[in-house]
Amino acid sequence: MEVTSDRLPCGRGLEQVWNGIDRGPDDHERTCPDCSQARLTLADLSVLTREWAQQETSDASVQPGGRVKAAIMDVVRTEFRSGQRVPLEHSDWGELSIREAALAKVVREAAQGVPGVHPRRCRVAELEPLTLEVTISVAAPVLNPDLLSTVREVIDGALTRELGQSPTLNLVVEDVHDDH
Amino acid sequence: MSTENAVRGLDRAAMTDATLVEQARDGDVGAFEALVDRYQVPIFRLVLRIVVDRTEAEDIAQDALITAWRRLDGIADPARFRPWVFQIASNRALDVIRERDRKASDSLDADSGLHERIPASAEPGPERAAITQAQWQTLSQLVAALPPRQRACWVLREFDEFSYTEIGHILHMTEAAVRGQLARARMALAEGMVAWK
């Protein structure tokens, strides 16, 4: 059977035949020689393909060498963008400041101390007064009205401890994830 | 993972792609590393199926994930990281094949390498006695002989289980074109297996 398009000579699409492999032949396929032959050949392929995909999933040998991840992370660390500098306070020694990324790290580490909370982004929305926009994803079972104030308190506590100041916090629940 | 880590929310494996992408955009290198851990193997396997060369597949997987890092701010929907990074990787793989074919046609040595490149497939374990070594080799050779775009469609569908719509998006094709390519790929493979019997 020469197949140059995705249609058999009888007019039926190959996709339709393929989709019906796992059930018995329908009325047309029972009597149509093109379809019967196509079903036989495709059924073998279907089994073989599934076995191949399953085998590969469980085969640890088909994976990239360690150099791949090492090279990726080298570039990532080298190019790591530390973001703008955020002024913290003015003193006799001049202005203290912190990089936005470092600020975000303090916020993230604090927020992820609350069970079920996955911190996402922390952005400086305003410098004067210092205002942070923090987005989080929350596990469905722990989502309740008290949660936001808990997260807010924990972040505020960490910022006060680490930076000596308490910025305005815009906290946004951006997503709800399944609890694992 | 320790219980302490779970309580502190450090279990990156439990985080969604969207969360990791947002953290990485925020400058969290560890979050991007978790995405690399999650996707380097599936991307490598996808690319290996398309280019059928281990070293090239490693290079392409590496480049694709570095590109992903550099363009991280450009993903409109962070939850779509998987199809997005598969798109980067599969198009790069197709580019590499195009370049390879161009070079091959420039030289008289057009037939070189294909036979050596083929045994990229998984070796069947002893428990898979029903399917012989020869059948695996035949199928992997038939797959390697498909036109590259057809091969990419087939791999994205059968191994990575993307929908037709997603494959169309990844390979910049209409859904109808994906359906056509897949049907032709399956028939070519099926007929190749019949001829081999």
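1. Chain A is built from six helices and five strands, and, read from the N terminus on, these elements follow the order α-α-α-α-β-β-α-β-β-α-β. Please bear in mind throughout that this is a predicted model.

2. Taken as a chain of 180 residues, chain A has 39% of them counted as buried, and its accessible surface comes to about 9,600 Å², with 49% of that area belonging to carbon and sulfur atoms. Among the contacts in chain A with a separation of 6 or more, 46% are accounted for by residues 24 or more positions apart.

3. Turning to the interface, 60 residues of chain A are in contact with 65 residues of chain B. The two chains, A and B, bury about 5,900 Å² between them, and 57% of this buried area lies on carbon and sulfur atoms.

4. The side chains of A:Arg67 and B:Glu58 meet in a salt bridge, at 3.0 Å from N to O. Residue pairs in polar contact between chain A and chain B, both at pLDDT 80 or more, number 18.

5. As to which elements take part, those giving two or more residues to the side of chain A that touches chain B are helices H1 (14-19), H3 (33-57), H4 (66-79) and H5 (100-111), together with strands E3 (117-126) and E5 (168-177), of chain A. H3(A) gives the most to this side, with 14 residues. By class, the side of chain A that touches chain B has 26 nonpolar, 16 polar and 18 charged residues.

Methods:
Residues are numbered from 1 along each chain as its sequence is written. Chains are lettered from A and ligands numbered from 1 in the order in which they are written. This is a predicted model: local features need pLDDT of at least 70, side-chain atom pairs count only at pLDDT 80 or more; totals for chains, interfaces and linings use all residues. Side-chain values use heavy atoms; hydrogens and water are left out. Contact means heavy atoms within 4.5 Å. Buried area is the accessible area (1.4 Å probe) that two parts lose on being put together, summed over both. A salt bridge is a side-chain nitrogen of Lys or Arg within 4 Å of a carboxyl oxygen of Asp or Glu. A polar contact is a pair of N or O atoms within 3.5 Å; within protein, one must be able to donate a hydrogen and the other to accept it, and residues adjacent in sequence count only if both atoms are side-chain atoms. Helices (H or I, at least four residues) and strands (E, at least two) are DSSP runs, numbered from the N terminus. Ala, Val, Leu, Ile, Met, Phe, Trp, Tyr, Cys and Pro count as nonpolar, Asp, Glu, Lys and Arg as charged, and the others, Gly among them, as polar. Buried means under 20% relative accessible area, exposed over 50%, partly exposed in between (1.4 Å probe, protein chains only). Accessible areas come from the Shrake-Rupley method with a 1.4 Å probe; for residues, only the protein chains shown count as cover.
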